[in-house]
Amino acid sequence: MNFKGRDIISVRDFSKSDLLYILKIAKEMEKEKPKLLDGKILATLFFEPSTRTRLSFESAMFRLGGKVLGFSDEKVTSVKKGETLWDTIKMAERYSDVIVIRSPVEGSARLAAEAASIPVINGGDGANQHPTQMLLDLYTIQKIKKKIEGLKIGFLGDLKYGRTVHSLAIALSFWKVEMCFIAPDALQMPEHYIKELREKGIKCHKTSDVFEVSPKLDILYVTRIQQERFPDPLEYEKYKNAYRLDITLLDHIKKDLKIMHPLPRVGEINAELDDTEHAIYFEQAANGVAVRKALLALVLGKEK
Amino acid sequence: MKERRIPAIKDGTVIDHIPSRDTFRIIRILNPQEFKYPINLALNLDSKKIGSKGVIKIDSRFLTQSEVNKIAILAPNATVSIIKNYKAIEKIQVKLPEELVGVLNCTNPVCITSKEIVISKFKVLREEPLEVKCHYCERVYGKDEVEIKRK
Ligand SMILES: [Zn+2]
């Protein structure tokens, strides 16, 4: 498997063996490798702020001995003066060895990858893709459950607009798993995804009642209901408190259920669950560094 | 009996087996206001192949490959016949390519193709019912949602 020079843009670009290889390298990256990317420079081009993703990439690069330059707010760059994304990338590729781009404009990362002769990693492009989140979710599941095959995974919250859910479901569909989509009808998983998953032989189940399916789940993946995705603020008000998990959940689950969340949360999971052995969302976030170390090393051809 | 609902043409193009409901959209793709030759069309004709079909006959005009590809988006079963001296000298079965480059507009207002000058690229996921995906924002469009470039 050779990832050198490859771009990391969308869940659609990966085969199952790609995913397995990334997970394997991520595991190796849990070890300290402070010289691996010595002399390499990462450019972080953040056209919208995202502290979590940026810090995680920067930490990954520093831990591998590389250096970082970039911006995290387009207001301070010449983009504000009307420079095209294409030209910004053509400039950045001359200063760095690998680029991470984050933008609210969908498809930015794909275009950046076409402009750049060096590898580009998508750090999130609007409502479209966020492949490093998907990979760290997958890594977390495999790490905590020691397998993916055969798991029953519940997705809860905004499944209609939630890109993390869409990407993770597509990635998981390489394995024989069962999926439960738990959401009010108006926020349910889009039908075309359900259809695609079923065509791949995935057993899918839809419900609005978390307790109906929670007793058989191995993983419960909770997402925030995001205000900015709603065209109508009144609609948001209606659903923002649709689910608030608290300790009453514990009476309706298997002993080894693990609860995941891409964070930040806004009340979907009560803090009283944080100290239970079910909560793994902070560990999940921390796994982002190992996964991003793996991706940086892979696309620079330095994983060995 | 031969098609007699529309007068025969001496030289030109006949587009047959168009779904009735998409006939006007196909006329529009051909920019009829830009040429002076007559166009005849018939709608709601019985068709064993597609149920209800439309036929377009265009006098003295021949289609470009790009126009034929655009027709395939809306009418994957269409046939395009080239008429010379009242005879069909060539009959082309339209074919949808796997990738449509510079043919469709992505109507997603937050797609990079609406912010920057980029040649649009769509992947054909399915021919019937049509499903195409923007190469950039990955949004999927059905037949009634696609916006075909006029030029
Ligand atoms: Zn698009």
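Tutor: For charges, Lys and Arg count as positive and Asp and Glu as negative, while His and the chain ends are not counted. A charge is placed at NZ of Lys, CZ of Arg, CG of Asp or CD of Glu. By this count chain B carries 28 positive and 19 negative side chains, and the centres of the two sets are 4 Å apart. The model is predicted: local features need pLDDT of at least 70, side-chain atom pairs count only at pLDDT 80 or more, and totals for chains, interfaces and linings use all residues. Residues are numbered from 1 along each chain as its sequence is written, chains are lettered from A and ligands numbered from 1 in the order in which they are written, and side-chain values use heavy atoms, with hydrogens and water left out.

Chain B has 2 helices and 11 strands, where helices (H or I, at least four residues) and strands (E, at least two) are DSSP runs numbered from the N terminus. Their order along the sequence is β-α-β-β-α-β-β-β-β-β-β-β-β. The radius of gyration, taken over C-alpha atoms, is compared with a globule rule of 2.2 Å times the number of residues to the power 0.38. For the 151 residues of chain B the rule gives 15 Å and the model has 16 Å, so the chain is as compact as a globular protein of that length. The C-alpha trace of chain B spans about 50 × 30 × 20 Å along its principal axes.

Buried means under 20% relative accessible area, exposed over 50%, and partly exposed in between (1.4 Å probe, protein chains only). In chain B, 48% of the 151 residues are buried. Helix α2 (residues 65-74) of chain B is largely enclosed by the rest of the structure, because 8 of its 10 residues are buried. Among them are Glu67(B), Lys70(B), Ile71(B) and Leu74(B). The cover over the buried residues of α2(B) includes β1 (12-19), α1 (23-29) and β6 (99-101) of chain B.

A contact is a pair of heavy atoms within 4.5 Å. In chain B, 59% of the contacts with a separation of 6 or more join residues 24 or more positions apart. In chain A, 72% of the contacts between residues at least 6 apart join residues at least 24 apart.

Chain A has 10 helices and 9 strands, and 57% of its 304 residues are buried. Val291(A) sits in helix α10 (residues 281-299) of chain A and is buried, at 1% relative accessible area. Leaving aside neighbours within four places in sequence, Val291(A) is in contact with Ala26(A), Thr132(A), Leu135(A), Leu136(A) and Tyr139(A).

Rings of Phe, Tyr and Trp (its six-membered ring) pair if their centres lie within 6.5 Å; planes under 30 degrees apart count as stacked, over 60 as edge-to-face and the rest as tilted. There are 8 aromatic pairs over all chains. Phe47(A) and Phe71(A) pair edge-to-face, with centres 5.3 Å apart and planes at 85°. Phe47(A) lies in the loop between β1 (41-46) and α2 (51-63) of chain A and Phe71(A) in strand β2 (residues 67-71), so the pair ties together parts 24 residues apart in sequence. Phe47(A) is buried at 10% relative accessibility, and Phe71(A) is buried at 13%. Phe155(A), Phe181(A) and Tyr221(A) form one aromatic cluster.
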